[in-house]
Amino acid sequence: MTTTVTKLALSLLGAAGISFLSLTPARAVILVEPIVTSVNEDIFNTRAPRTLGPAILPGQIIEYGVPDRANNLLNGTGNNIGSLVFDLKTLSYSNPDSTPSFDNELVEWGDVDGDGKIGFSSIPELKDIFTNITVEGSLLTYSGGVIPDGTVFFNRFVTKPDLTPGGGIIPAIPAEQTDKDGPIRVASYYTAIPESTNVLGVVALGALGVALKLKRSLHY
């Protein structure tokens, strides 16, 4: 009888322990979602686009903070952009006095705007430039589209909860400060699509090489 009572007590304690564990709040996750679309006309009418200049080469990694001040971007790289890659970095920021309080939360790509997709715009006026988006861990890749050299496009990052500076968790950035970077680090780079004339040149050179090889083989 004693053994039975003991087993029952241990079972109840075990069940209670599981219940307490289940009540322990899981660490929150910050969702981050980018969009790459056509020009945001509302912003375009208030300020000039920021320029991606020729010094930014294909494959060159640039790191910055998001969510930042939303703006249009001018592709002034001299290349047609064929894909964009974003690498989400670990967040390192704490603010116990914010509402809600915030302490080095985990970050991952996610559907912030609630349209059931990651990386696509839910705003009708903003047309998505790329048709393909792949997410592999911290890497998000846009492909299946092109941003021609000399054109303006819109790239914005949103988070859930809102980590925009001045949004309640992250303090506002002084007005005189040009950069309005948020606390989440993102590394990005682009791949270029060669001009059609260059492609034809490569094809022509390739055809010439094949012809020369064939001519040599016929002489042997």
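Helices (H or I, at least four residues) and strands (E, at least two) are DSSP runs, numbered from the N terminus. T37 is in one of them, strand β1.

**Before you start**

This is a predicted model, in which local features need pLDDT of at least 70, side-chain atom pairs count only at pLDDT 80 or more, and totals for chains, interfaces and linings use all residues. Residues are numbered from 1 along each chain as its sequence is written, and side-chain values use heavy atoms, with hydrogens and water left out.

**Stop 1: the whole chain**

Colour by pLDDT, the predictor's confidence in each residue, from 0 to 100. The chain mean is 79, and 72% of the residues reach 70 or more. A contact means heavy atoms within 4.5 Å. Then select 197-220, again with pLDDT below 50, and with 1 contact beyond near neighbours in sequence.

Switch to cartoon. The chain has 3 helices and 12 strands. Among contacts between residues at least 6 apart in sequence, 73% join residues at least 24 apart. Buried residues make up 30% of the 220 in the chain. Here buried means under 20% relative accessible area, exposed over 50%, and partly exposed in between (1.4 Å probe, protein chains only).

**Stop 2: strand β1**

Select residues 29-37. This is β1, mostly covered, with 7 of its 9 residues buried. Which strands does β1 pair with? Two strands pair if DSSP finds at least two bridges between them. Strand β8 (residues 106-109) runs parallel to β1, joined by 4 bridges. Look for V32, opposite W109 in β8. Strand β11 (residues 152-160) runs antiparallel to β1, with 7 bridges. Here I35 has R156 as its bridge partner.

Now pick T37 in β1. Is T37 buried or exposed? T37 has a relative accessible area of 0%, so it is buried. Leaving out residues up to four places away in sequence, T37 touches S121, L126, K127, D128, I129, F153 and F154.

Step on to N40, in the loop between β1 and α2 (41-44). N40 counts as buried because its relative accessibility is 13%. Beyond four places in sequence, N40 touches N72, L126 and F154.

**Stop 3: V158 on β11**

Select V158 in strand β11. V158 counts as partly exposed because its relative accessibility is 24%. Outside four places in sequence, V158 touches L31, V32, E33 and V112.

**Stop 4: the nonpolar cores**

In soluble globular proteins, nonpolar side chains tend to be buried together. A nonpolar core is a set of buried Ala, Val, Leu, Ile, Met, Phe, Trp, Tyr and Cys residues joined through side-chain atoms within 4.5 Å. The largest one has 28 residues. Show V36, L84, F86, Y142, F157 and I184, which have the most contacts inside this core. β1, β3 (62-66), β5 (80-88), β8, β10 (139-143), β11 and β12 (184-193) each supply at least two of its residues. The largest share, 4 residues, comes from β5.

Centre on Y142. Not counting residues up to four places away in sequence, Y142 touches P34, I35, V36, G82, S83, L84, F86, G119, F130, N132 and I133. A second, separate core has 5 residues, including I43, A70, L126 and F154.

**Stop 5: the β9-β10 hairpin**

Select strand β9 (residues 132-136) with β10. The two pair in the antiparallel sense over 5 bridges. E136 stands opposite L139 in β10. The hairpin has 2 residues between its strands, and G137 takes a positive phi near 65°.

**Stop 6: the largest pocket**

On a 1 Å grid over the protein atoms alone, a pocket is an open set of points where a 1.4 Å probe fits, with protein on both sides within 12 Å along at least five of seven lines; lining residues have an atom within 4 Å of a point. Grid points are joined across faces, edges and corners, and a volume is the space filled by probe spheres set on the points.

The largest pocket has a volume of about 500 Å³. Which of its 22 lining residues are closest to its centre? Show L52, Y64, L73, N155 and S188. β2 (50-52), β3, β4 (71-75), β5, β11 and β12 each supply at least two lining residues.
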